[in-house]
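Subject: Structure handover

Hello,

The sequence and structure are placed below for you to open.

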Amino acid sequence: MGITRRDFLNGVAITAAAGLTPWQILRAAPQTAQQTLYYPPGLTGLRGNHPGSFEHAHQLARDGEKFNFAALPIEEEYDLVVVGAGISGLAAACFWQQLRGSQQRILLLDNHDDFGGHAKRNELKSDSGTLLGYGGSESLQSPRSNFSPVAMGLLKQLGVSVDGLEQAFDKNFYPNLNLSRGVYFDRQNFGVDKLVSGDPGRMVADDIPRDRLNGRPYAEFIGDFPLPESDRQALIALHTQEKDYLPALSVEEKIDWLDTHSYTQFLREKVGLSEMAIRYFQQTTSDFQAVGIDATSCSDARICDLPGLNGMNLPPLDAESLADLEDPYVFHFPDGNASLARLMVRHLIPQVAPPGNDMHDIVLAKFDYSRLDRPDWPVKLRLSSTGLHVANVGEQTEVSYMTGDKLHKVRAGQVVMAGYNMMIPYLVPEMSQQQQQALKQNVKAPLVYSKVLIRNWQPFIQLGVHEIYCPTAPYCRVKLDYPVDLGGYRHPRDPAQPMGLHMVQVPALPGSGLSPREQARKGRAQLLGTSFAEHERMIREQLQGMLGSAGFDHQRDIQAITVNRWSHGYSYFLNGLFDDEEEAQKIIETARQPVGRITIANSDSDWSPYANSAIDQAWRAVNELVSGHAAKKEEA
């Protein structure tokens, strides 16, 4: 059974009604009906880079379509225009107000039908109420260790307490239910559908205390794998014996070898695993590195705590990598970092939501999207509006964008480009060829976060798992939602009640030998060609194979599906196999240079996929404008 007509209407057709964009629907709808007509977090179906969010950008960048921007009249004037209303764009607007005053006229443009960028809020309706989920930017990563004073200062200003987030996360909820992590071997690749519980290994960015994993001894856990005995014994030895697999090399030579060889090569050439045994590890790095082990260096695999690398007398990990591995991954709102975006929007446009002061009253706050773009307010957030051209004109800037099928132009004193950095060369053609090429090096990784509402989660109790790694299935990770109670929202406690599943897919090309950039480009094309119906089929087949032995019936038990498709997902970040660190830093610095009165933000401008990087880059970009650094660059 497919997703019902109700789901289709809730997730797809609403934005296409009568050919109207969401922004036009809001302008045309009666006030009393606006929440019913248009409320993006409640949409199911295909979300993320949803249909309607990328077509105009593709016309410009991919198809080379020419637009007559010069002929457009100036419709409005602003002090600042921000292109991109994700975490970085919203932070830039907040910092601008902080430095220039709350009455500054600011316009934020975003090509999506919701604000927040990758910080996407998903609301799933069930008979027992609304469940919150995150469709992208997930949590604050190691804030106590890795956040700058600027990022921590913004959190404080918005009323976010790092200590409060940690207290709201019930670290022992799943351990107290005697649940563990498990691994799912699918029939197509391993000859049988089998779920093995009791994984004793820790993870990078781990939310479960190390002493509460409920893991079994490796010999017992791996002994249940549907692999030949020789492979099971080899895997047990790899996990339990500290061995120097590079005994003839000095420490410096080991580091060089680990930097320049993939984890697949290590397992094949130094450990001597069979291809079937290597297959078990293929997607262990996918959700953190955005590529499989064949495109992950051994040094990066070490950051993920993969086995076999701890017996070689290597130097300790750097502080940031160690924090990712050691710090609890528990700084999580029920809707992920969407609450952070909502806090910033409420700060910028107070009329959009009931009055509030902090992270507690934002979680369940009702947002009125019709109030995002009102002519009489100093800050306007204009959705479904794709920036297409930004130029310095005299001592000001002009920004052209498309809403629906109509081009518009506004004038601004200054501009922050806070969208995907790889698109900026097409929007700001006046920049140098060198800078354009540098920006195009940030090829973002495709990523899918699917949220699945299931009728109950008793099959997980029966199988003894709360999170499942899948070496070769389409979705590399499937887990019950994080147990967070915050701001009046309560995480499901009763296994007989509905629960939201989080499923992660990274469209990579394992074994291709391609670089992460090449894999991202090909994976993106594959992802954009995959229909919602095909995603639904994959989800249903995988969950049925994984949970069917515990009585799960996908036709009966799946109540809703939201596929958050990010054809441009994680920012590109340094890959030891394919990038030189010193050269990469030069590319980063070149790429984010101001262009006249136009500066560049987004976490892309730091080659980092983290929320704190998005904030830090917004601060840098705004300060370049406020200090006059950007204009001075142009004059020089």
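A search of the whole structure for disulfides (a disulfide is a pair of cysteine sulfur atoms within 2.5 Å) finds 0. C476, for instance, is in no disulfide: the nearest cysteine sulfur belongs to C470 and is 7.5 Å away. C476 counts as buried, at 1% relative accessibility. C94 also counts as buried, at 1%. Here buried means under 20% relative accessible area, exposed means over 50%, and partly exposed lies in between, with a 1.4 Å probe and protein chains only. The accessible areas come from the Shrake-Rupley method with a 1.4 Å probe, and for residues only the protein chains shown count as cover.

Two points on how to read this. This is a predicted model, in which local features need pLDDT of at least 70 and side-chain atom pairs count only at pLDDT 80 or more, while totals for chains, interfaces and linings use all residues. Residues are numbered from 1 along each chain as its sequence is written, and side-chain values use heavy atoms, with hydrogens and water left out.

Next, the salt bridges. The structure holds 43 of them, a salt bridge being a side-chain nitrogen of Lys or Arg within 4 Å of a carboxyl oxygen of Asp or Glu.

- R455 pairs with D557, with the closest N and O atoms 2.9 Å apart. R455 lies in the loop between strand 12 (445-454) and helix 22 (458-463), and D557 lies in helix 25 (residues 554-557), so this pair ties together parts that are 102 residues apart in sequence. Helices (H or I, at least four residues) and strands (E, at least two) are DSSP runs, numbered from the N terminus. R455 is partly exposed at 32%, whereas D557 is buried at 2%.
- Salt bridges that share partners join R181, D206, D207, D287, E467 and R477 into one network.
- E166 pairs with K171, with the closest N and O atoms 2.8 Å apart. E166 counts as buried at 17%, and K171 as partly exposed at 24%.
- R187 pairs with D193, with the closest N and O atoms 3.5 Å apart. R187 is exposed at 51%, while D193 is partly exposed at 29%.

Finally, the surface. E252, E253, D256 and D259 form a negative patch; patches are made of residues with over 30% relative accessible area and no salt bridge, like charges being joined within 9 Å. E253 sits in helix 13 (residues 251-260) and is partly exposed, with a relative accessible area of 41%.

Regards

Technical notes. Patch = residues over 30% accessible without salt bridge, like charges linked within 9 Å, V, L, I, M, F, W, Y side chains within 5 Å. Lys, Arg positive; Asp, Glu negative; His and termini not counted. Charge placed at Lys NZ, Arg CZ, Asp CG, Glu CD.
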